[in-house]
Structures are given as C-alpha cells and as structure tokens.
Amino acid sequence: MALLELTDVSKRYGATQALDAVSCALDGRAIGLLGPNGAGKTTLMKVLLGLDAPDTGLVRVLGIDARQAPTEVRGRLGYAAEGPGRLPGLSGLESVALAGELCGLRRRTALLRAHDMLDLVGLDEARYRLVETYSTGMHQRVKVAMALVHDPDLVLLDEPTSGLDPESRDELLDLIVHLREGGGPAVILSTHLLHDVERTCDAVLIMQRGQVRFAGPIAALQQPATGRWTVRTAFPAPALADALRAHGAMAAPGERPEAWTVTLPPGADPTLIWQAAASAQISVVHLAPQTDSLEQAFLGAIKETAS
Amino acid sequence: MMRDEVHAIGYRRLEGPRPVWPGWPIARTLWVLGWRRRATKMSLMACFGVFGVHGVWLVSQLMARRYLNLGPRRGLLTGVDRVVGSVHEVLAAYVSIQFFVTALVIAVVASGAIADDRRAGAFELYFSRPLTRLHYALGKLLGAGLIPFGTLVFPTFVLWLTAVGIAPPGMRSELWWLAVPAVGSAALGAATLTAGIIGLSALGERSLTVCTAFVAGLLLMSGVCEGLVESGFEAWGYLSPERDLRTVVDWLLQVGHDSLSASLLPGRPDGNGSPALSLLALGAWIAAGLLALTWRIRREVRAG
C-alpha cells in the first residue's frame, strides 16, 4: 500500500488551475514536496486532507479514498498548516491538548500526550504561556506538536521552517529525521528550501504550476555526474593534482585540503585515478562518483519538463 | 562518581481507543476562554443577584401563605396575594428579567465563538482534524447553549422545585403542573439567545463588535418596539424577542394582573396580542441564527 496515490487529480480556483492532472504514487518515511510559490503544494495538502475536494481524479491516502472518507483520513493524518492556525487565549499546552481531544483523545490522555509532544519539540516552560505571545519559532514548534499529538500515521508539514532562526531550523529538521528514523509517523514536508528536503527526506515530489515534474526517491533524481569523482587522500597531497594532470584528468580542490574533485577525460574509467595516485605514491582513502546536488537536479527536472 | 543523566523519551506510539465526541472540547474551550474574562464573572454575579431576588420573593411569598393559611388569618390571603403575588408571577418575572441579564453573559462568552475563529484562522486548525461541519456547529451551539441553561433554565427549575417544596400542602397540587410551562418557556428563551449570539458571531468580524451589537440590539429593539406598540403600531411588538418571550411566558404560566411586588420590578408591561404569533416570531429568530451559522460554516469550509 503506497502512502499516497493520486490519479488525474485536478483542482481549479476560478481562473487558476491549482492542480493539473496530477498522477503519482509515493512511498517512503519522509517525502519532500518541492516547488516554487504557487506550484500547488498547499492545495495538494488540502486535497490529501479532504479539506478541498478535487474537481476530478482519485486521491488515496494510506489506502483510504480521501473524497469518500475525509474524516477517516484526517484521523490518521496530522497537519501543521503554514498559516497562523491558533486559538488566541489558549496556552501552548492547552492548544496541543485541544488538538488531541479533537482527534478523540480523552482529556487526561490528551494532556499527558501534549506534554510528551512539547518535550519532543523542545518547548519548555513557555508551554504555559498564551500562544499569541510566542515567537515564530515557538509557534512552529507548537504547530508540529499539535500535528503529532494524536499519533498519526502520516504528518503533513507545510513550510515548518519558514521564519525560523538557523538554530531552531536545525532542531526542527533533526526532529523530522528523528521521526523518519524512529518509529514515528511518515512525514510529508512541503517547502521550497532544497536543503531541508535533502537533509530529511528519502523521496521527493516536485511540482510546478500544478503539475508533477518528478516523483520518486531522491537518489533517482540525483543522477551521477558523468566523469566526475570525489577523491580523498590520507593527508593533503598537492602532488596528486600534477599526477592526474599527467594522466589527462583535471583535479580541482574539494571542500577539505585532502579532498579533490577529479574530472576524467572522455572514455576513461576510475582506474586512471588509482594509477595516478600510485605513480605519485599517495594513498587514496575514498573514491566515489559525484552526483548532482538536489538544487541542480531540481532545476534540471523543472527545465527538462518545461522545455 | 554518580551523575544525573537525562534521557529523552522521544516519540512514542499511542495505543487505546479515541472515544471523545469532538463537539465537547469545542464547547469546553468556549467556556474556558469566556471564564478568563472579568466581564463574564461580573455578569454572572448579576445573574446570581436576579436569581437571589426572585428566590427571596418566592420564599417570602410562600412563607406568608403558610402562615396565613392557619385558622383565623385565612381571610387575609386575598389581600396578601395582591401584595406578594403568586408563584406564576415570580417564575414569569424571573424568565423575562433573567433573559436580559443572560443576554449579557452569553454575549461576553460566546460573541467570539465563530468570529474569533475566523480572525485567527482557526477553521483550518479545527477541520484538519477528524471532525465534520456538524460537529463544529453542534460544539459551538452546545458551548453557547449551556450558558443560558445554567443561568435561566436550571434556576427556573430550582425556583419551581423550591416553590413545590415549601408551598402549603393545599397549594402543591396546583404547582406541580407549572414545571413544564416554566422550564419550557425558559428553554425557549435560552434557545433564542443561543441561536441569536451564534448567528451574529457567524456574521460578525470581531467579538467586541458582536457583543455590543447583540446587547445593544436587544435593548434597542425592546425599547423601540415597546414605544411603537404604545403608539398604536401593535405589529412591531413581534419584532422584539424579549416582548415575544414575555408574551409566551405570560400565556404559558397564565399570569393575571400584576401584584404590588411585581409592579416594583422593571420590564413587566403588557405582551403582544397573539401568543401564537410571538411563538412564531421567536422560532424565526432561532431559525435565522441557525441559518447564519450554517451559511458561514459552508462558506469557510468547502468540504467535510
């Protein structure tokens, strides 16, 4: 059973085609939903939640038809919206407990669970303060806790890192990785920050103008860059660059003094690198083909289909 | 050496059933938020004051009857009735006056029920959980409706029970049948206030505006309609919910002429000509409130 199955899903708001015949099937522990502003990410999330009914098409979430049984789907999903989504006058703890009770938890269970989730997202004494006094970062944490409180099978996070300082962002991304690697729910992370997806997700859905540009594992998106290799030596060895040049390859300094990016001549294979290292009497400790960064792959996917 | 170590619990799966009806936490949240306002506590004190005054009136009336019911003083009963009034009169006066004071409480507590949710963008928060539009509407109506239940319906029942409990033996049988009309008319008043405030909150933008508009609107409509009726335009009397309720209450409780005690209380002028039309007018107010609520929810939440 796939996490998500979309078949020819279309949704139009007036003159705007928010989703245009979207079809894909995705599985994984953490899925990145990528796309520029206006790509249709939030509309897709609302369609998954059953908050918006698609004009046409079939939406199945965790094997359940979101159009036929929206409340059943919502019972198994957690959602942290991008907008404010808060009840002024309630504390962070009360907000999270209320979210749990709305999902059917008893008052006592909801309160205990709310404390657990606020511990998990790292909101300490501030949980007793009113939500309207929170900073953006604290508010994002409360929203994530509200999405997790009822122990969903899948959590939808809409731009959870927007407005966060680097430290808070790092902690939130760590939390997503923790959920992915632990026994927590699967995560769909909607963002336009490629780094966030690269760090936390194992699959990606790229959207543009309401259409799917790519859907699948990140590894499938990041094609190996032909002829480019990362080489690391035991210690900094400038002589390796000369040796490689003598064998017809190009070597550029890498991220660290002992790392190099090597471009092989057309038709050559990596044994050339071993030969060059042996001739210069240098020990190679790491050799791996380079892949495109997610940014390159993302831009490639968008340009390729647009053209 | 011993060291304290902190171990994060991390994410734990949650077992067990999820039996809570989602309307209930919505209703409770409305009270929690309302209770935090000083105005709520002050208006509730006014409610207790009205209840206390009517309680004292009722008890002193029935104690006087018990005393005069004995032997040679029986002849004074008719004259005393004209001074302290009857149980019917106490209950009718309580429902009519408490209707106004409860309007203040319910306005303070429930004016933001829908308006604040719209302003804060909380619809998304609610409807991304497994609840339907009906759950939401019933939760809000329950939250608002239990306020007049606590200040109007239940105290009316308590007054009636007190009357039955301390009435002279010969009078009890006469009072038993009063329960249904007294509590029924209080429930009608409660339904009018609940639907009114929720409907207005569904139409309004800010809780303060809704609160002011509701209380001022009730007072203005009552005053203006009373004046128009006195000037001969009797049909206008049906536009005032308070006058309609008073008409229905007086008809149900068969209140006769005012006693001296009742004439000291505010707001007991004559009612409308037709109790049936007044009942219909109150039904229209309730329907209008519910329609406004339905319209707003359907507009804000496209599916579910």
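Guide: Start in chain A, where strand β9 (residues 203-208) pairs with β10(A) in the antiparallel sense over 6 bridges. This is a predicted model.

Visitor: Which residue in β10(A) is the bridge partner of Leu205(A)?
Guide: Leu205(A) has Ala215(A) as its bridge partner in β10(A).

Visitor: And how many residues lie between β9(A) and β10(A)?
Guide: There are 2 residues between them, and the two strands form a hairpin. In the turn, Arg209(A) has a positive phi of about 50°.

Visitor: What sheet do they sit in?
Guide: An open sheet of 6 strands in chain A, in the order β6-β7-β8-β3-β9-β10, with mixed pairing.

Visitor: Which strands stand at the edges?
Guide: β6 and β10 (211-217) of chain A. Each has a single partner strand, so one side of each is left without a neighbour in the sheet.

Visitor: By how much are neighbouring strands of this sheet turned against each other?
Guide: By 15° on average, with direction ignored.

Visitor: Go to the β6 end. How does β6(A) run against β7(A), parallel or antiparallel?
Guide: Parallel: β6(A) is joined by 4 bridges to strand β7 (residues 154-158) of chain A. Within that pair, Gly78(A) stands opposite Val155(A) in β7(A).

Visitor: What packs on the sheet there?
Guide: Helix α5(A) does, touching β6 and β7 of chain A. The direction of α5(A) makes about 165° with that of β6(A).

Visitor: Now the other open sheet in chain A, the one with 4 strands. What order does it have?
Guide: The order is β2-β1-β4-β5 in chain A, and the pairing is antiparallel. β2 (16-26) and β5 (64-65) of chain A are its edge strands, each pairing on one side only.

Visitor: How many bridges pair β4(A) with β5(A)?
Guide: Strand β4 (residues 56-61) of chain A and β5(A) pair over 2 bridges, in the antiparallel sense. Val61(A) has Ile64(A) in β5(A) as its bridge partner.

Visitor: Which helix lies across β1, β2 and β4 of chain A?
Guide: Helix α1 (residues 41-49) of chain A, which runs at about 115° to β1 (4-13) of chain A.

Visitor: What about β12(A) and β13(A)?
Guide: Strand β12 (residues 250-253) and strand β13 (residues 259-263), both of chain A, pair in the antiparallel sense over 4 bridges. A hairpin of 5 residues joins β12(A) to β13(A). Pro253(A) is partnered by Trp260(A) in β13(A).

Visitor: Change of topic: holes. How many cavities of 30 Å³ or more are there?
Guide: The count comes to 1 cavity.

Visitor: Which residues line the largest cavity?
Guide: The lining includes Tyr79(A), Lys143(A) and Met146(A) from chain A, along with Glu124(B), Leu125(B) and Arg129(B) from chain B. Two or more lining residues come from each of β6 (77-80) and α5 (136-148) of chain A and α6 of chain B. The lining divides into 6 nonpolar, 3 polar and 3 charged residues.

Visitor: And the largest pocket, how much space lies in that?
Guide: About 330 Å³. The largest pocket is lined by 19 residues, and those nearest its centre are Leu44(B), Phe48(B), Ile147(B), Gly150(B) and Thr151(B).

Visitor: Which helix gives the most to the lining of the largest pocket?
Guide: α7(B), with 7 residues. At least two lining residues each come from α1 (23-35), α2 (38-68), α4 (87-110) and α7 (133-166) of chain B.

Visitor: How do the residues of that lining divide?
Guide: Into 14 nonpolar, 5 polar and no charged for the largest pocket.

Visitor: What volume does the second largest pocket have?
Guide: About 280 Å³. It has 13 lining residues, and the closest to its centre are Lys46(A), Phe123(B), Glu124(B), Glu300(B) and Val301(B). The lining of the second largest pocket divides into 5 nonpolar, 1 polar and 7 charged residues. α6(B) gives the most to that lining, with 4 residues.

Visitor: Last one: what does the model score?
Guide: The scores are ipTM 0.84 and pTM 0.83. Chain B averages a pLDDT of 87, and 87% of the residues score at least 70. Where pLDDT is low, the predicted coordinates should not be read in detail.

Conventions:
Residues are numbered from 1 along each chain as its sequence is written. Chains are lettered from A and ligands numbered from 1 in the order in which they are written. This is a predicted model: local features need pLDDT of at least 70, side-chain atom pairs count only at pLDDT 80 or more; totals for chains, interfaces and linings use all residues. Side-chain values use heavy atoms; hydrogens and water are left out. On a 1 Å grid over the protein atoms alone, a cavity is a set of points where a 1.4 Å probe fits but cannot get out, and a pocket is an open set with protein on both sides within 12 Å along at least five of seven lines; lining residues have an atom within 4 Å of a point. Grid points are joined across faces, edges and corners, and a volume is the space filled by probe spheres set on the points. Ala, Val, Leu, Ile, Met, Phe, Trp, Tyr, Cys and Pro count as nonpolar, Asp, Glu, Lys and Arg as charged, and the others, Gly among them, as polar. Two strands pair if DSSP finds at least two bridges between them. Contact means heavy atoms within 4.5 Å. Axes are lines fitted to C-alpha atoms, for helices over the stretch in contact, and angles run from 0 to 180 degrees between N-to-C directions. pLDDT is the predictor's confidence in each residue, from 0 to 100.
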